[in-house]
Amino acid sequence: MRVGFIGVGAMGSRMAGRLLAAHHEVVVYDRTRESTSPLEQRGAKVAATSRQVAAGADMVFSSVTNDAALEQVMFGLTGLWRALAPGRPLST
């Protein structure tokens, strides 16, 4: 399964790490690029935007700091919603 993960700080990095340990293909994005390095070293692919995380992912998780961060990664210019195919649901 290809899993996307947006927000890999204290909580998100641990969850994404578990997905890697379970042998899923994991693509991560964080607004602070340095936060993705430990997961990249463990085999995760790093996306430049949250939109890229969603492209081709079977499932996407997010773990971001606050409502403003969530709005940015979901609905901003490079947000996840722009990668959704017509008819593909967005579940919150």
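Biologist: What should I know before I read the model?

Modeller: The model is predicted, so local features need pLDDT of at least 70 and side-chain atom pairs count only at pLDDT 80 or more, while totals for chains, interfaces and linings use all residues. Residues are numbered from 1 along each chain as its sequence is written, and side-chain values use heavy atoms, with hydrogens and water left out.

Biologist: Which strands are joined to E1 by bridges?

Modeller: Helices (H or I, at least four residues) and strands (E, at least two) are DSSP runs, numbered from the N terminus. Two strands pair if DSSP finds at least two bridges between them. Here E1 (residues 2–6) has 5 bridges to E2 (residues 25–29), and the two run parallel. Between E1 and E4 (residues 59–62) there are 4 bridges, again in a parallel arrangement. In E2, glutamate 25 is the bridge partner of arginine 2, and in E4, methionine 59 stands opposite valine 3.

Biologist: Is E1 mostly covered or uncovered?

Modeller: Buried means under 20% relative accessible area, exposed means over 50%, and partly exposed lies in between (1.4 Å probe, protein chains only). Of the 5 residues in E1, 4 are buried, which makes the strand mostly covered. From E1 the chain crosses through helix H1 (residues 10–21) to E2, and this β-α-β crossover is right-handed. Right-handed here means that, with the strands pointing away from the viewer, the path from the first strand over the helix to the second runs clockwise.

Biologist: Where is serine 63 found, and what is it in contact with?

Modeller: Serine 63 is in the loop between E4 and helix H4 (67–75). Its relative accessibility is 17%, so serine 63 counts as buried. Contact means heavy atoms within 4.5 Å. Setting aside neighbours within four places in sequence, serine 63 is in contact with Phe5, Ile6, Gly7, Met11, Gly12 and Met15.

Biologist: Which residues of H4 are buried?

Modeller: Ala69, Val73 and Met74 are buried in H4. Seen down the helix axis, the buried residues of H4 fall within an arc of 115°, so they line one face. That arc is taken over the directions from the helix axis to the C-beta atoms. The face turned away from the buried side carries the exposed residues Asp67, Ala68 and Glu71. Among the elements covering the buried residues are E1, E2, helix H3 (50–54) and E4.

Biologist: How many salt bridges does the structure hold?

Modeller: Side chains of opposite charge can pair when their charged atoms come close. A salt bridge is a side-chain nitrogen of Lys or Arg within 4 Å of a carboxyl oxygen of Asp or Glu. The structure holds 3. One joins the side chains of arginine 2 and glutamate 25 (3.6 Å, N to O). Arginine 2 is in strand E1 and glutamate 25 in strand E2, so this pair ties together parts 23 residues apart in sequence. Another joins glutamate 25 and lysine 45 through their side chains (3.1 Å, N to O). Lysine 45 lies in strand E3 (residues 45–46), and this pair links distant parts of the chain, 20 residues apart. Arginine 33 forms a salt bridge with glutamate 40, with the closest N and O atoms 3.7 Å apart.

Biologist: Which residues are joined into one network?

Modeller: Arg2, Glu25 and Lys45 are, through salt bridges that share partners. Arginine 2 is partly exposed at 23% relative accessible area, glutamate 25 is partly exposed at 35%, and lysine 45 counts as partly exposed at 46% relative accessibility.
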